[in-house]
Amino acid sequence: MEIHYTPKHGSWLNMAEIELSVLDRQVLDQRLGSLQQAAQEVLVWQERRNQQRAKISWRFTTQDARIKLLRLYPSLHH
């Protein structure tokens, strides 16, 4: 597994967390005998996800953001 820097705020972090959650549910939730076995299982999982061109179904729309983040990004009135 490689760790890549992602900004604290923004969708990249959310997507990374979602992907790690998928990895956890599909691979890491079982007993693995060694670090080498875990690395092999993750590699197989990664190759399968890449072949499937797995995508994240992003459900947080611009409209949702405008409602939820209104206090952080108030609109300017002229």
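Predicted model: local features only at pLDDT ≥ 70, side-chain atom pairs only at ≥ 80, totals over all residues.

Colleague: How does H1 compare with the span expected at 1.5 Å a residue?

Modeller: H1 has 18 residues.

Colleague: What share of the residues counts as buried?

Modeller: The chain has 78 residues, and 10% of them count as buried. The cut-off is under 20% relative accessible area. The chain exposes about 7,500 Å², with carbon and sulfur atoms supplying 54% of that area.

Colleague: Which residues of H1 are buried?

Modeller: Val 22, Leu 23 and Val 27. They share one side of H1, because their arc around the axis is only 100 degrees. H2 is among the parts that cover these buried residues.

Colleague: Which residues of H2 are buried?

Modeller: Ala 38, Val 42, Trp 45 and Arg 49. Their arc around the axis is only 65 degrees, so they sit on the same side of H2. These buried residues pack against helix H1, residues 11-28. The face turned away from them carries the exposed residues Gln 36, Asn 50 and Gln 51.

Colleague: What does Arg 49 touch, leaving out residues up to four places away in sequence?

Modeller: Glu 19, Val 22, Gln 26 and Ala 54. Val 22 is itself one of the buried residues of H1.

Colleague: Why is the pairing of Glu 19 with Arg 49 called a salt bridge?

Modeller: In general, side chains of opposite charge can pair when their charged atoms come close. The criterion is a side-chain nitrogen of Lys or Arg within 4 Å of a carboxyl oxygen of Asp or Glu. For Glu 19 and Arg 49, the closest N and O atoms are 2.9 Å apart. That value falls inside the limit, so the name applies. The pair links distant parts of the chain: Glu 19 is in helix H1 and Arg 49 in helix H2, 30 residues apart.

Colleague: How many salt bridges does the structure hold?

Modeller: One.

Colleague: Is Glu 19 buried, exposed or in between?

Modeller: In between. Glu 19 has a relative accessible area of 25%.

Colleague: Where is Leu 28, and what does Leu 28 contact beyond its neighbours within four places in sequence?

Modeller: Leu 28 is in helix H1. Its contacts are Leu 23 and Val 42. The C-alpha atoms of Leu 28 and Val 42 are 8.3 Å apart, although 14 residues separate the two along the chain. At 36% relative accessible area, Leu 28 is partly exposed.

Colleague: Which residues form a nonpolar patch on the surface?

Modeller: Met 1, Ile 3 and Leu 20. Together they have about 390 Å² of accessible area. Met 1 lies in the segment before H1.

Colleague: Why does Met 1 count as exposed?

Modeller: Exposed means over 50% relative accessible area. Met 1 has 67%, so the label holds.

Colleague: One more. What makes Arg 53 stand out in its phi?

Modeller: Most residues other than glycine have a negative phi. Arg 53 is not a glycine, yet its phi is positive, about 50 degrees. Arg 53 is in the loop between H2 and helix H3, residues 62-68. Its relative accessible area is 69%, so Arg 53 is exposed.

Definitions and conventions:
Residues numbered from 1 in each chain as written. Heavy atoms only, no water. Buried < 20%, exposed > 50% of the residue type's maximum accessible area, 1.4 Å probe, protein only. Helix = DSSP H or I, 4+ residues; strand = E, 2+ residues; numbered from the N terminus. Arc of directions from axis to C-beta. Contact = heavy atoms within 4.5 Å. Expected span 1.5 Å × (residues − 1). Patch = residues over 30% accessible without salt bridge, like charges linked within 9 Å, V, L, I, M, F, W, Y side chains within 5 Å. Areas by Shrake-Rupley, 256 points an atom, 1.4 Å probe, with all protein chains shown as cover.
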